[in-house]
Amino acid sequence: MLTTSHLDEMDEGYRQLQYNRYADDFLIAVSGPKEDALKIKEQVRSFLQNSLRLIMSEEKTHITHSSEMVRYLCGEGCR
């Protein structure tokens, strides 16, 4: 299995999602179009609000391209 590729470069519909959580912070990495990331963001917002009665901070919630640096678990004021 170690020699088996984890993706199919020929499959245009291939998507990959990675989730990382520490305490009350989390990061979701989406391999795919920005529209997919926007849909996932809305689904997460809806789940947090409807199921857990939590509000997702729009100020702290960002969608960025993989070429941009992501500051994760840093103190106030960093971005």
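Strands E1 and E2 pair in the antiparallel sense, over seven bridges. That is where I will start, and one caveat goes with everything I say: this is a predicted model.

E1 covers residues 16-22 and E2 covers residues 25-31. The hairpin of E1 and E2 has two residues between the strands. What is the backbone doing at Ala-23? Ala-23 takes a positive phi near 55° in that hairpin, although Ala-23 is not a glycine. Ala-23 sits in the loop between the two strands, and its relative accessibility is 51%. The cut-off for exposed is over 50%, so Ala-23 counts as exposed at 51%.

There is a second residue of this kind. Arg-53 has a positive phi of about 60°, and Arg-53 is not a glycine either. Arg-53 belongs to the segment after helix H1, and that helix spans 34-52. With a relative accessible area of 66%, Arg-53 is exposed.

A pair of rings is described by the distance of the centres and the angle of the planes. How many aromatic pairs are there? The count comes to one. Tyr-19 and Phe-26 make up that pair, with 6.1 Å from centre to centre and 40° between the planes. The pair is classed as tilted, because planes under 30 degrees apart would count as stacked and planes over 60 as edge-to-face. Phe-26 has a relative accessible area of 36%, so Phe-26 is partly exposed.

Next, the charged side chains. The model has three salt bridges by the count used here. Which residue pairs with Asp-36? Asp-36 forms a salt bridge with Arg-15, and the closest N and O atoms are 2.6 Å apart. This pair links distant parts of the chain: Asp-36 is in helix H1, Arg-15 is in the segment before E1, and 21 residues separate them. Arg-15 is partly exposed, at 39% relative accessibility.

Another of the salt bridges joins Lys-41 to Glu-58, with 3.3 Å between the closest N and O atoms. Here too the pair links distant parts of the chain, with Lys-41 in helix H1 and Glu-58 in the segment after H1, 17 residues apart. Lys-41 is partly exposed at 23%, and Glu-58 is partly exposed at 45%.

The remaining pair is Arg-45 with Glu-42, where the closest N and O atoms are 2.4 Å apart. Why are these two separated by about one helical turn? Because Arg-45 and Glu-42 are three residues apart in helix H1. Arg-45 has 25% relative accessibility and counts as partly exposed. Glu-42 is partly exposed as well, with a relative accessible area of 39%.

Last, the nonpolar surface. Which residues make the nonpolar surface patch of about 290 Å²? Phe-47, Leu-52 and Leu-54 make this patch. Leu-52 is found in helix H1. At 44% relative accessibility, Leu-52 counts as partly exposed.

To recap the backbone points: Ala-23 has a positive phi of about 55°, and Arg-53 has a positive phi of about 60°. For the side chains, there are one aromatic pair and three salt bridges.

How values were computed:
Residues numbered from 1 in each chain as written. Predicted model: local features only at pLDDT ≥ 70, side-chain atom pairs only at ≥ 80, totals over all residues. Heavy atoms only, no water. Helix = DSSP H or I, 4+ residues; strand = E, 2+ residues; numbered from the N terminus. Buried < 20%, exposed > 50% of the residue type's maximum accessible area, 1.4 Å probe, protein only. Phe/Tyr/Trp six-rings, centres within 6.5 Å; stacked < 30°, edge-to-face > 60°. Patch = residues over 30% accessible without salt bridge, like charges linked within 9 Å, V, L, I, M, F, W, Y side chains within 5 Å. Areas by Shrake-Rupley, 256 points an atom, 1.4 Å probe, with all protein chains shown as cover. Salt bridge = Lys/Arg side-chain N within 4 Å of Asp/Glu carboxyl O. Pairing = 2+ DSSP bridges.
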